[in-house]
Amino acid sequence: SDGMAEASGALQRQRAEVSEAQELLGNLRGEILRRQAALQRIREAREEQERRAKGMKAELDEEIREMREVLRAQALQGRQAQAELYRQRILQEQQRQALC
């Protein structure tokens, strides 16, 4: 009878341990799922940031290209104005010399 009681007690302890292990396993599975979901959100956020950064870089590159074109055009206008100014001075000097 004592042997049966011990066996029954041991069986109950094993069942309790199995039940505890199953609960722990369930908790771990839940934690893994939560962490996987968090990682997925982080991945998606990072991808979105990369897309935004690429878009901003493209916009910035376009603005830089436009600014360079404006500066080139201004420089050309400046050179043309300078050339016109020299031409006017030469004409004035030629006219002055012709009068002398």
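## Overall fold

The protein has one helix and zero strands. The model is predicted. Helix 1 covers residues 2-99, and the protein counts 100 residues.

The C-alpha trace spans about 145 × 15 × 5 Å along its principal axes. The radius of gyration is 43 Å, whereas a compact globule of 100 residues would have one near 13 Å.

## Surface and burial

How much of the protein counts as buried? The share is 1% of the 100 residues. The accessible surface comes to about 9,500 Å². Carbon and sulfur atoms hold 55% of that surface.

## A nonpolar patch

Leu24, Leu25 and Leu28 make a nonpolar surface patch of about 280 Å². Leu25 sits in helix 1. Its relative accessible area is 43%, so Leu25 is partly exposed. Patch residues need over 30% relative accessible area, and Leu25, at 43%, clears that cut-off.

## Charges

The protein carries 19 positive and 18 negative charges. Side chains of opposite charge can pair when their charged atoms come close. Here the count of salt bridges comes to nine.

## Salt bridges around Arg65

Arg65 has salt bridges with Glu62 and with Glu69. Between Glu62 and Arg65, the N to O distance is 2.5 Å. Between Arg65 and Glu69, the closest N and O atoms are 2.2 Å apart.

Glu62 is partly exposed at 32% relative accessible area. Arg65 is partly exposed too, at 39%. Glu69 counts as partly exposed at 41%.

## The Glu31 network

Salt bridges that share partners join Glu31, Arg34 and Arg35 into one network. In one of its pairs, the side chains of Arg35 and Glu31 meet at 2.8 Å, N to O. These two residues are four apart in helix 1, so they are separated by about one helical turn.

Is Arg35 buried or exposed? Arg35 counts as exposed, at 56% relative accessibility. Glu31 has 29% relative accessibility and counts as partly exposed.

Note on methods: Residues numbered from 1 in each chain as written. Predicted model: local features only at pLDDT ≥ 70, side-chain atom pairs only at ≥ 80, totals over all residues. Heavy atoms only, no water. Patch = residues over 30% accessible without salt bridge, like charges linked within 9 Å, V, L, I, M, F, W, Y side chains within 5 Å. Areas by Shrake-Rupley, 256 points an atom, 1.4 Å probe, with all protein chains shown as cover. Salt bridge = Lys/Arg side-chain N within 4 Å of Asp/Glu carboxyl O. Buried < 20%, exposed > 50% of the residue type's maximum accessible area, 1.4 Å probe, protein only. Rg over C-alpha atoms; globule rule 2.2 N^0.38 Å. Lys, Arg positive; Asp, Glu negative; His and termini not counted. Charge placed at Lys NZ, Arg CZ, Asp CG, Glu CD.
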